[in-house]
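Welcome! Here is a short tour for anyone meeting this structure for the first time.

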Amino acid sequence: MQLRTNYKIGEIPHSEHPCPQSMRKNWLCLNGEWAFCKQDAQGNTSYESKIIVPFSPETLNSGIEEGFVLQSGEKLVYKRTVVLDETHIGGRIKLHFGGVDCDAEVLVNGETVGRHHGGYTAFAVDVTSKVKAGENSLTVICKDEGTRDGSSRGKQSDKRGGIWYTPHSGIWQTVWLEFMPLKHIGKFFIKPNAAEKTVNIRVENNEEIEIVVFDGGKEIIKERFIGEITLAYDFRLWSPEEPYLYDFVLRHSSGDEVYSYFGVRSFGRAKDKSGIARLTLNGKPYFFNGVLDQGYWSDGLLTYPSDEAAVDELTLLKEMGFNAVRKHIKIEPMRWYYHCDRLGLVVWQDFVNGGGEYKFTHIAAFPFLGFHHRDDDYAYFARENEGGRYAFMREAEETLDQLYNCVSIGVWVPFNEGWGQFDSAQVTEFVRQKDNTRIIDSVSGWHDQGVEKTELKSLHTYYTRLRVPKDPRPVVLSEFGGYSMKIDGHVFAEDKEFGYKKFKTEESLYQALEKLYLKQLAPLIKKGLCGCIYTQVSDVEEEINGFVTYDRKIVKVLPEKMRAINEQLAKLVAEIE
């Protein structure tokens, strides 16, 4: 099956509002053509061109010549001008960046206005006092030592190959200006409660705020409050089967208005009538049937070509009958989560790993043999650097704050397969204190630190038969499968193929999937399996175990065939009480 792949980048790519969860009407997208150069540590320019933001210079969509590499000690310099008029500069102005890898210094009219470290979390700087009516210069200076100094790097590697991929650098998500009155609505947090059918909204303001809630365009609630309010109503509950959302607007006496939405749902854990620990959605046992999604694209690396492309891929997962997606070692643009909210896909959200160089024996060989190691041994997990551990916790907090209002996020995943893992019990408690409304998969895969300290028994199974061990916690298969099928002409490298089990034809792959799901996995649901995450949505470079090829041109398994498998699983799930 072929996908539509002729997505238009356009003069201003990703021009949709970048944050539907917190949207003001007065904003300006700064994507598009910027002046660009690469400099050495002494400031000498070694490369100069134009670049298309928000695509990293290592990508095809950036317009930069193929083979671009940012070496250690080098930096990227982005420049453009922004013309503002009197209506823009009458209030507060914030300059937003969805993602810059890895260190960013921001200058407006030659003056530094902010810095940020961390290549995956969004940030904003107040530029009110530095801009003027007329032409303004904007400069962003980026350094990226993330693959070398232990910073959060995800799956990027200077020694790419197998499950480690081509590194990227610089601006890779939308840049935009946001205009608001001097007195305006601050950050807000939405906390729904399905059992009570309430929604709590907390705003970082001491002034009175008006909230108006709409159901399909019809006004259903109108209240005033200071700081915090709990709304009670006969709200319809959100689920993947019925992803119902309510729009609302917050209004300040200054005239500031912020548009958003919420869904009413609750994630949790409980025992079924047989006494087996289960995961729940809205108070009832729920089986999370999902796919691992690394979000790498052949023409944009971590940046998908267009909003439309992201929607098409998520829609494909729904058509295949899946109800969940694990966002693996990456934070997507906020619009991606908005589409999961409205389409109905529960997101298992990974934090981004960092640390030093991982030892294969420690993160793969020994765990495959069943050996787990205590994670206060920082050297074992390449986490000796105290500053790196501190940076991880700061970025974890940024991740939780940034994504807190996303309806679809149901699971936080702090660590994966021991990559830079440390003090997972304390990290889990930190996450729980910040957000007690979601499930925490503390250590996905292995190096489990004990029953009392974590919320799930989380397994990765590729080479052995699927099983459900006896455990008082809900058991999830947070990675499995990884079946590969090479399609000539649609691979990153014709002579390399990474996969956990290889197949030659679409029919043989489908038959293997049918056996995997219905013969091996299905019987485990009754025994206590609460969720499964298949590897993976798409091929990534040499790793060709996706449902879709890396160039997104071929779907290897017909959606209706995969849906038929998942519908049979759903019948078994329906028997759980």
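Please keep in mind that the model is a predicted one.

Let's begin with an open sheet built from three strands, which follow the order 13-14-17 with antiparallel pairing. Strand 13 and strand 17 are found at the edges, and each has a single partner strand, so one side of each is left without a neighbour in the sheet. From one strand to the next, the twist averages 15 degrees.

The residue ranges of these strands are set out here:

| Strand | Residues |
|---|---|
| Strand 13 | 188-193 |
| Strand 14 | 198-203 |
| Strand 17 | 228-232 |

How many bridges join strand 14 to strand 17? There are five, and the two strands run antiparallel. For a place to look along the sheet, find Val-199, which stands opposite Leu-231 in strand 17.

**A serine in a loop**

Now turn to Ser-157, which sits in the loop between strand 10 (134-143) and strand 11 (170-171). Is Ser-157 buried or exposed? Its relative accessible area is 16%, and buried means under 20%, so Ser-157 counts as buried.

Leaving aside residues up to four places away in sequence, Ser-157 touches Thr-147, Trp-164, Tyr-165 and Pro-167. The side chain of Ser-157 also has a polar atom that lies 3.0 Å from the backbone nitrogen of Lys-159. Lys-470, on the other hand, is 313 residues from Ser-157 along the chain, and the C-alpha atoms of the two are separated by 37 Å.

Notes: Residues numbered from 1 in each chain as written. Predicted model: local features only at pLDDT ≥ 70, side-chain atom pairs only at ≥ 80, totals over all residues. Heavy atoms only, no water. Pairing = 2+ DSSP bridges. Helix = DSSP H or I, 4+ residues; strand = E, 2+ residues; numbered from the N terminus. Axes fitted to C-alpha atoms, helices over the stretch in contact; angles between N-to-C directions. Buried < 20%, exposed > 50% of the residue type's maximum accessible area, 1.4 Å probe, protein only. Contact = heavy atoms within 4.5 Å. Polar contact = N/O pair within 3.5 Å; in protein donor to acceptor, adjacent residues only side chain to side chain.
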